[in-house]
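Here is a short note for a colleague. It covers the ligand site and the aromatic pairs.

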Amino acid sequence: MWTFRQLSKNATRISPSAYRHMSTSSANPQVDVADDGGIAVMTLQRAPINSLNLELLQAISKALDDVAKNKPDGMILTSASPTVFSAGLDIMEMYKPKQKRLEQFWTTLQEVWTKLFGFKFATAAAINGHAPAGGCILALSCEYRTMVDGKYTIGINDTALGISVPQWVMDTMRYTIGSRDAELILTSATLCTVAEALKVGLIDETASDKADAIEKCKKFIGKFKKIPPLARSTTKLKIRQELLNNMKRIQQQDTAEFLQHIQNPEEQRDLEIYIQKLKAKKAIK
Ligand SMILES: CC(C)(COP(=O)(O)OP(=O)(O)OC[C@H]1O[C@@H](n2cnc3c(N)ncnc32)[C@H](O)[C@@H]1OP(=O)(O)O)[C@@H](O)C(=O)NCCC(=O)NCCS
């Protein structure tokens, strides 16, 4: 599902186990992890739009564990697509679903969020294209976001699909941009332009292209060079603990609510209409 390769020659911190994984990677990995001078660059590459299906979420979850084992200086999340960071949840996982797979899909999403939001190493997202819904959540779970300037959008549009926004998703957005803007974006299913995203704080910086976005993420991670790692990670996790605890507390109930909601015939009809619009290119662009 994923590979680990070296980008630069000064990758001294990669453990031998990383190279073992490299040799056992599949021929068509959905997640690529590369070492860039001690920083892990995790690239989502489920063509064409990185929609988050069960297998991609499992690959991200596994890759996060492997990156953590290598104790990087930080991790940058980005996409192999030239125009899409991630299209968010794969709608086909929710349309006419099989209960067991649907449950696994949702709990893996919760797991990915928990690992990424609670990642003890520095994290940044180089958003090189559209980042609706789950794409926005992945980016918001990182500590810093740079976004390539262009006709791209970012936000959480679940309500447009008839999906009420889960508590932990709301909390993640609120954590970064505050309640007022989060409420407005979530209730109106707004997908912000890059300029709007910068204004409300959904992103921290714009970038001219993907390389620039990654450079800016590296600069952010570089800020922590002189900070003792344990003090940094303990502080990060303490600040994020409330949200992480909340997830633990509501996880089962959140899954039960999701399963019930998605399998409701009315919701299935809403999804069908949305899929048709998407196919007809009339959805949200
Ligand atoms: C992400 C996006 C802006 C990319 O636009 P694009 O590059 O022009 O790509 P397309 O819209 O042509 O999408 C490519 C294909 O993926 C499908 N697709 C797009 N988003 C998808 C999703 N989230 N899940 C499943 N399939 C999706 C499209 O229907 C299209 O299928 P087709 O090739 O069979 O027609 C656009 O696809 C989009 O807005 N997607 C919906 C995102 C969304 O609402 N996510 C919320 C999920 S909860």
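1. A polar contact here is a pair of N or O atoms within 3.5 Å.

2. This is a predicted model: local features need pLDDT of at least 70, side-chain atom pairs count only at pLDDT 80 or more, and totals for chains, interfaces and linings use all residues. Residues are numbered from 1 along each chain as its sequence is written, and side-chain values use heavy atoms, with hydrogens and water left out.

3. Two further contacts to note. An N or O atom in the side chain of N157 is 3.0 Å from an oxygen atom of the ligand. A polar backbone atom of L89 is 3.0 Å from a nitrogen atom of the ligand. On its own the ligand has 860 Å² of accessible area (Shrake-Rupley method, 1.4 Å probe), and the protein covers 79% of that.

4. The shell holds 18 residues (a heavy atom within 4 Å of the ligand); the closest are A87, I91, Y274, K279 and K281. By class, 11 are nonpolar, 3 polar and 4 charged.

5. Now the aromatic pairs. The count is 8, with ring centres of Phe, Tyr and Trp (its six-membered ring) within 6.5 Å; planes under 30 degrees apart are stacked, over 60 edge-to-face, the rest tilted. W113 and W168 form a tilted pair, 5.8 Å centre to centre with 55 degrees between the planes.

Definitions and conventions: Polar contact = N/O pair within 3.5 Å; in protein donor to acceptor, adjacent residues only side chain to side chain. Nonpolar A, V, L, I, M, F, W, Y, C, P; charged D, E, K, R; others polar.
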